[in-house]
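Please keep the sequence and the structure in view while reading.

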Amino acid sequence: LKITFLKISIFNILIFIKTKMENEKGDKNQILKISQLTEKGISPFDIKNLRNSGYHTIRSVAYTSKKKLIEIRGISEAKAEKLLNEAYKIVPMGFCTGRDAYINRQEMISLTTGSQELDKILRGGIETGSITELIGEYRTGKTQLCHNIAVSAQLSYDQGGGEGRAIFLDTEGTFRPERIVDIAGRFKLNSLDVLENIALTRAYNVDQQLEILNSVGSMMVKYKFAVLIVDSIIALYRAEFIGRGELSARQQHLGRFIKQLQRLCDEFNIAVLITNQVVAQVDGCNSFVQDPKKACGGNIIAHASQTRLFLKKQKGVNRGCTIHDSPNLPPATCTFSITSSGIGEALE
């Protein structure tokens with residue numbers, strides 16, 4: 001009888017956990033449109049001003065400070081307080097248990113990179129709900145990996161995909177639809193459908209790069225997206241902000257851009273994949289360092305990226321990847337290759 005009772009208890013616990021995960025997953029993935037606040041006494045005019053400023057969901061309001069809301073045209077301090085109070089009633093902002101956090105982590109999906117070895121050290125691939133940074137000099141495979149993820153994001157969950165669309169923010173003019181066609185053929189996908197599901201935009205200056213993110217929310221409210229790709233995050237900043245005299249202004253602007261990326265990450269539970277360039281260290285210690293290159297962007301990017309991957313050139317089409325920093329992944333290194341059909345296994 002005791003054994004039977006124990007089996008029933010364990011069974012009931014498993015059912016409870018499964019039901020809780022499904023319910024919480026539905027709540028978390030639910031898109032709470034900003035227009036729903038009209039039922040709480042917020043005027044349509046204020047809703048319009050919020051949309052124009054890049055706030056398209058109730059979560060985006062809940063994640064914002066009162067100071068930022070007051071900066072929006074037509075939003076007074078009293079209105080900002082009312083907006084936040086109503087948003088907090090809908091979006092839970094309090095404490096949760098470690099157990100709840102663990103259950104939520106089990107819901108995260110990973111987008112396959114195309115290489116089994118690379119997926120292995122990343123425990124599945126590029127994780128949703130966080131920012132992954134690809135660091136490396138030219139010809140290390142950063143852009144090629146971005147193209148691969150833009151396709152794999154559209155695969156089914158069983159195939160290691162996200163069953164969603166991709167946004168590709170190109171700042172260097174390196175997006176090539178021909179590569180998408182090649183990679184789509186590898187996964188036996190219709191290349192035209194895959195291209196149709198990629199929202200491509202080109203930024204030519206840092207202000208435009210930041211403004212584009214304000215319009216991304218409106219797209220994600222209408223369609224399901226699995227990944228937002230920025231290739232690269234630093235190129236325009238290095239071109240527009242010259243010298244140490246403009247370093248402070250550059251870092252502040254860059255900080256606002258990354259904060260917006262993180263907000264989209266939390267708001268829509270998407271994967272954010274950014275590429276970063278490297279710069280040579282000139283501090284006089286290069287003779288003691290095997291590889292004197294370091295990532296651009298300083299601590300602003302370093303603290304914001306949850307997972308940082310260093311890519312290096314190797315023999316032929318092979319490339320190396322090292323996990324430089326991650327809150328849950330141990331340091332590891334693997335080798336992959338860049339082939340005509342995308343990212344693949346290392347070749348001898």
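Two strands are said to pair if DSSP finds at least two bridges between them. The model described here is predicted.

**Strands 11, 12 and 13**
- Strand 12 pairs with strand 13 (residues 342-345) in the antiparallel sense, over four bridges.
- These two strands, strand 12 and strand 13, form a hairpin, with two residues between them.
- Strand 12 (residues 333-339) also pairs with strand 11 (residues 318-325), in the antiparallel sense and over five bridges.
- Within strand 12, F336 has R319 opposite it, and F336 also stands opposite E345 in strand 13.

**The setting of E133**
- E133 lies in strand 3, which covers residues 131-135.
- The relative accessible area of E133 is 0%, and because buried means under 20%, E133 counts as buried.
- A polar contact of 2.6 Å links the side chain of E133 to the side chain of R308.
- Leaving aside neighbours within four places in sequence, the residues in contact with E133 include I274, N276 and A295.
- Also in contact with E133 are I301, S305, T307, R308 and L309.

**Helix 8**
- Helix 8 spans residues 142-152 and is mostly covered, with 10 of its 11 residues buried.
- Among the buried residues of helix 8 are K142, T143, H147, N148 and S152.
- The buried residues of helix 8 also include L145, C146, I149, A150 and V151.

How values were computed: Residues numbered from 1 in each chain as written. Predicted model: local features only at pLDDT ≥ 70, side-chain atom pairs only at ≥ 80, totals over all residues. Heavy atoms only, no water. Buried < 20%, exposed > 50% of the residue type's maximum accessible area, 1.4 Å probe, protein only. Polar contact = N/O pair within 3.5 Å; in protein donor to acceptor, adjacent residues only side chain to side chain. Contact = heavy atoms within 4.5 Å.
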